[in-house]
Structure formats: structure tokens, C-alpha cells
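Hello,

Here is the structure we talked about. Please open it and keep it beside this note as you read.

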Amino acid sequence: MPLLLPQDDRPWIVQKYGGTSLGKLLPQITETIIPSYLETNKVVVVCSAISGTEKAKGTTSLLLKAIECVIAPSRQAELNSIINTIQDEHFKAIKALRLRSDGGHEKLFNQAEKDVQNECTELKSFLSAAQTIGELSPRSKDRVVSTGEKLSCLIVVAALRSKGIPAHLISLSNIVPPTTKQTRHSLNVAFFSSITSQIRILLASLPQDAVPVITGFFGPILPSLLQTIGRGYTDLTAALASVSLGAEELQIWKEVDGIFTADPRKVPSARLLETVTLEEASELTFFGSEVIHPAVAEVVRRGGVRVRVLNVKFPNGKGTVIWPSVEGVVVEASAEDGNVSSGMTTRSNSPANGFMAANGYYGANQSRRAPTALTSKDAIVLVNIQSSRQTKSHGFLAHVFNTLDQLNAVADLITSSEQSVSLALSNVDSGDGVEAGIKRLVQALEKCGKVEVQRGMAIVSVIGHKMRNMVGIAGQIFSTLASGGVNIYLIGQGASEINIS
Ligand SMILES: Nc1ncnc2c1ncn2[C@@H]1O[C@H](COP(=O)(O)OP(=O)(O)O)[C@@H](O)[C@H]1O
Ligand SMILES: N[C@@H](CC(=O)OP(=O)(O)O)C(=O)O
């Protein structure tokens with residue numbers, strides 16, 4: 001008779017770990033946080049690529065640099081040295097695991113080392129073949145970038161297995177069905193549903209006690225994940241995994257206690273927020289504070305998953321809960337009333353589907369809050385275009401936006417009048433430097449009218465749901481800026497009215 005195992009009905013928790021947390025705090029993650037949650041939950045781990053010190057010097061950034069080398073035949077040596085650096089960083093991580101294991105698990109670590117080496121060798125030959133041809137398609141670039149998450153998952157699986165946790169690596173780099181005729185995938189509801197089903201199928205094939213360790217990269221997406229979703233895509237993968245499992249909570253583990261009223265590195269007096277809405281979190285990220293990837297919001301809202309931002313260094317903290325906002329609902333509630341579970345200590349009292357308790361609660365104190373948070377973005381280029389007055393205003397605007405589209409330039413803020421448009425752009429560098437990007441932009445926009453450019457500007461954004469109904473908030477913002485001697489060049493209020501920039 002087959003042995004029937006008891007059904008494991010612990011609720012799922014999905015934990016996403018960013019590159020710097022994995023690079024600096026791997027033992028804390030694999031020896032303390034994950035085992036603690038496994039006592040009461042089934043856990044899925046979603047990993048970004050490892051960054052030893054900071055994201056700008058991490059594996060993904062190095063891989064992007066390697067991609068740049070491909071188009072220049074003279075940079076073969078540099079290319080090889082980048083991949084060697086990546087390999088060494090991962091070998092170092094395995095060496096640290098060996099030291100913590102006191103000579104145990106030799107076979108496990110040897111295999112991990114071999115797997116890392118194989119990935120890097122394959123990558124080198126892929127890149128060197130591309131260098132011979134002198135080009136790399138967006139899809140091939142994605143193939144290169146996906147190596148980062150594969151490598152980090154190899155390390156995390158080895159770390160967990162060395163502690164007796166049955167971790168299994170799940171690569172999502174081939175879960176998107178190819179499109180036959182289309183040149184790009186439409187990232188719509190149907191697309192995301194197909195991804196969540198694929199993830200569910202992959203996870204269902206694992207043993208019941210398995211701890212899946214999922215690559216933050218998923219693909220292949222046409223034209224490419226980097227082009228469509230951009231950096232920080234691991235948050236989205238984790239959101240899709242949580243929806244596919246009906247997870248109790250999606251946890252985004254970082255090196256900060258949660259979401260603050262401002263970047264705590266820049267503003268020491270910033271306060272930790274107990275809750276924010278999904279929209280506020282997305283706006284904060286878009287305007288300079290890396291909180292959650294904006295694409296996460298729609299996925300978790302539809303899937304009804306609660307999101308919590310937590311600190312790897314202080315895992316007992318409550319973190320910040322991100323809730324979907326509910327139109328027209330104004331409820332005063334305390335954290336306790338609203339089933340806000342408190343991190344590692346009380347986890348079992350959350351609502352079944354993770355959000356919106358029956359009383360319509362959508363986060364403690366939200367109805368009392370004035371602006372929720374501030375953020376800023378530097379190195380902004382301001383472009384003013386004055387129409388040459390020969391075209392009607394809509395023709396002029398269409399011309400300007402078509403030009404931006406052709407140049408792949410995204411404006412963070414836009415204001416317009418009948419005959420002029422002001423644009424604030426944060427990303428004018430297409431790989432050949434900011435000045436080259438500005439020159440290209442000006443040349444193209446001069447066909448629409450007179451163009452003026454101002455460099456070295458900053459966008460300051462005040463974000464909060466409550467602002468929608470507050471009279472006088474804009475006046476307060478501008479008089480505060482004036483008292484700090486700040487000259488305002490452009491004012492924007494998002495259509496959602498939760499952001500004044
Ligand atoms: N409002 C904010 N709340 C929290 N962190 C913020 C905020 N604005 C900017 N930050 C910065 O975002 C970073 C997020 O933490 P980090 O662990 O580096 O993220 P990741 O794991 O995604 O790389 C912190 O360094 C923090 O200073
Ligand atoms: N590794 C990718 C994706 C990602 O999600 O990163 P992180 O979670 O460390 O922000 C990047 O650097 O963009």
C-alpha cells in the first residue's frame with residue numbers, strides 16, 4: 001500500500017531577497033530567517049543577483065558592463081575579466097559557506113562550485129561568440145542577465161541544504177511561451193495569468209517538503225525583460241509567485257526596517273511607516289526611493305496578496321505593510337484591529353487571502369495621515385520646447401511625444417500649455433553618455449520648435465493618499481521650498497492626485 005503523507009496545510013509565504021542582502025547577510029537569511037518561518041509556513045525564496053557591496057557594483061551591473069564590451073572587439077580581455085570577477089565573487093560565497101560548515105558537506109559545496117564554473121564558462125563562450133558577430137539582441141542580453149539570478153540561487157540552495165533544508169532551484173528563464181508572430185509580448189492580465197499558472201505547475205512537481213528557490217529573472221520576454229520591466233524585476237517575479245500560490249504574504253526583505261517618510265540615509269529624522277498603499281509605494285519608487293518595483297502593484301492587487309517590507313538585520317521588526325487602497329473607504333483602525341501580523345512573532349492571524357479584512361480596513365492610520373512620504377531624484381534634465389506656432393497645439397504635442405517615443409526617452413514629469421511643453425527626464429543616457437543623449441534629444445526635438453535644456457536639476461515629490469482631499473497642501477509645499485531658497489521650474493500633480501512633484 002502506498003504511504004499517504006499528511007497534507008501540509010501551512011500557509012505559503014513568499015520571501016524576496018535583494019542582491020545586497022544576499023551578498024552581505026546570507027547566513028542570517030539561510031540560518032535564522034528562513035528556518036524560523038518554516039516552523040509555521042511553507043516558504044518560497046525568490047532571489048535577485050548577488051551584490052557584494054552595492055547594487056551598482058553587483059552581479060547584474062557587471063553583466064550589463066559585459067554586454068557593453070560585446071560591441072567592441074577590443075574589449076575581449078575586459079569581458080573575460082568581468083566574468084572572472086563574477087565567478088570569483090560566487091566562489092568566495094561558497095568558501096564562506098564551507099567555513100561555516102566546519103569541513104562538512106564537501107560534496108555539496110564542490111558541486112555548487114562546479115555549477116558556478118559551468119555557468120560562467122558557458123556565459124563566456126556565449127559572449128565571445130556574440131563579440132565575433134559584433135552584436136547582441138535584446139533577448140540575448142536577457143540571457144546574459146539571467147545568469148546573475150541562476151548563480152545566486154545556486155549559492156542559496158547550497159547554503160540551505162548545508163543546514164538540512166530541502167531547497168530546490170527553480171529557474172524561470174524558460175517559462176514564457178515564445179510568441180510566433182508578435183515582436184513583443186503584451187504584459188497584460190492574460191500574460192501574467194499564464195506566468196502564474198506556469199509557476200504553479202513547476203512548484204507542484206516538487207516534493208511536499210521542498211523549499212523552492214526561484215530565480216528573480218523570468219523569460220524570455222520579447223523584446224526583453226530589461227526593456228519591458230527594467231531593473232528590479234525580482235520584485236515582480238516574487239509577486240507572481242505569491243499570486244500563483246495564494247500566499248499569505250509577500251515579504252520583500254531589505255536592509256532597512258521598512259518604508260520611511262523619506263530616505264533614511266538622506267533624512268536621519270525620517271520615521272518608519274506602519275502601512276502605505278500600493279500606489280504610494282509605486283510612486284515612491286518611480287520618483288527615486290527604491291521601495292517596490294511599480295509593476296508589482298497591479299499583480300498583487302489582482303491576486304489579493306499583502307506585501308510587507310522587512311529588514312534582514314532586524315527580522316523581528318514589524319516592517320511596513322503595503323495595502324491596496326480602497327476608494328471611498330475611510331476607516332480609523334489600530335494595527336491590532338486590522339490583522340496586521342507582526343513579522344516573525346505573530347503570523348497566524350492574518351486574513352485568509354492576505355488583504356482587506358472584512359471591515360474594509362486598509363491599513364492603520366491611513367485616514368489620519370497627511371503626506372505619507374517625500375522623495376527626490378537627482379541628475380534631472382529639464383527640456384523646454386516652444387512651438388514654432390505653425391502647427392496646431394495637438395499636432396505639436398503629438399510631434400513631441402512621437403519624437404520621445406522614437407528615442408526611447410521617458411519623461412518623469414510633463415507640463416504643457418497650448419504652445420509649449422516642459423519635460424523632466426531622468427534617463428537620457430543610452431549607453432554613450434548623458435551629453436550625447438541630450439544632443440540627440442535636442443536635434444530631434446528642434447523639429448518641433450525652439451528647445452532649451454537645463455542640466456543638474458532635481459525632482460522633489462510629496463506623496464500621500466490623503467493629499468487628494470486636503471486643501472492648502474500645495475501651498476505648504478511651495479512655501480517650504482521657497483523658505484529653503486529652492487527655485488521651482490516645473491510643477492506636476494499626477495492624475496491619481498497622490499503625488500505633487
Ligand atoms: N522612503 C524610503 N524608505 C525606505 N528606504 C528608502 C526610502 N527611500 C530610499 N530608501 C533607500 O532604499 C534602500 C533600500 O534598501 P536595500 O536593502 O538597499 O534594497 P534592495 O534589497 O532592494 O537592494 C535603502 O538603502 C534606503 O536608504
Ligand atoms: N538583479 C536585478 C533584479 C533585481 O530585482 O534586483 P534587486 O532586487 O537587488 O533590486 C537588478 O539588479 O536589477
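This is a predicted model: local features need pLDDT of at least 70, side-chain atom pairs count only at pLDDT 80 or more; totals for chains, interfaces and linings use all residues.

Domains. The protein chain splits into domain 1 (12–368) and domain 2 (373–500). Their contact draws 15 residues from domain 1 and 15 residues from domain 2. On the domain 1 side, helix α9 (residues 278–286) supplies the largest share, four residues. By class, that side of domain 1 has four nonpolar, six polar and five charged residues.

Ligand 1. There are 19 residues around it. Gly18, Lys254, Glu255, Asp263 and Ser289 come nearest. Helix α1 (residues 19–38) gives the most to this shell, with three residues. The shell around ligand 1 counts eight nonpolar, six charged and five polar residues.

Helix α6. This helix covers residues 189–204, 16 residues in total. From first C-alpha to last, α6 reaches 22 Å, close to the 22 Å expected at 1.5 Å a residue. Which residues of α6 are buried? They are Phe192, Ile195, Thr196 and Ile199. These four sit on the same side of α6, because they cover an arc of only 95° around the axis. Their cover includes β4 (211–218), α8 (234–245) and α10 (296–303). The face of α6 turned away from the buried side carries Ala190, Ser197, Ile201 and Ala204, which are exposed.

If you want one place to start, go to ligand 1 and look at Gly18, Lys254, Glu255, Asp263 and Ser289, the residues that come nearest. Then turn to α6 and view its buried side.

Best wishes

Terms used
Residues are numbered from 1 along each chain as its sequence is written. Chains are lettered from A and ligands numbered from 1 in the order in which they are written. Helices (H or I, at least four residues) and strands (E, at least two) are DSSP runs, numbered from the N terminus. The expected span of a helix is 1.5 Å times one less than its number of residues. A residue is buried if 20 or more other C-beta atoms lie within 10 Å of its own, exposed if 12 or fewer, and partly exposed in between; C-beta atoms are placed from the backbone. The arc is that of the directions from the helix axis to the C-beta atoms. Two residues are in contact if their C-beta atoms, placed from the backbone, lie within 7 Å. A residue is near a molecule or strand if its C-beta atom, placed from the backbone, lies within 6 Å of it. Ala, Val, Leu, Ile, Met, Phe, Trp, Tyr, Cys and Pro count as nonpolar, Asp, Glu, Lys and Arg as charged, and the others, Gly among them, as polar. Domain bounds come from an automatic or database domain assignment.
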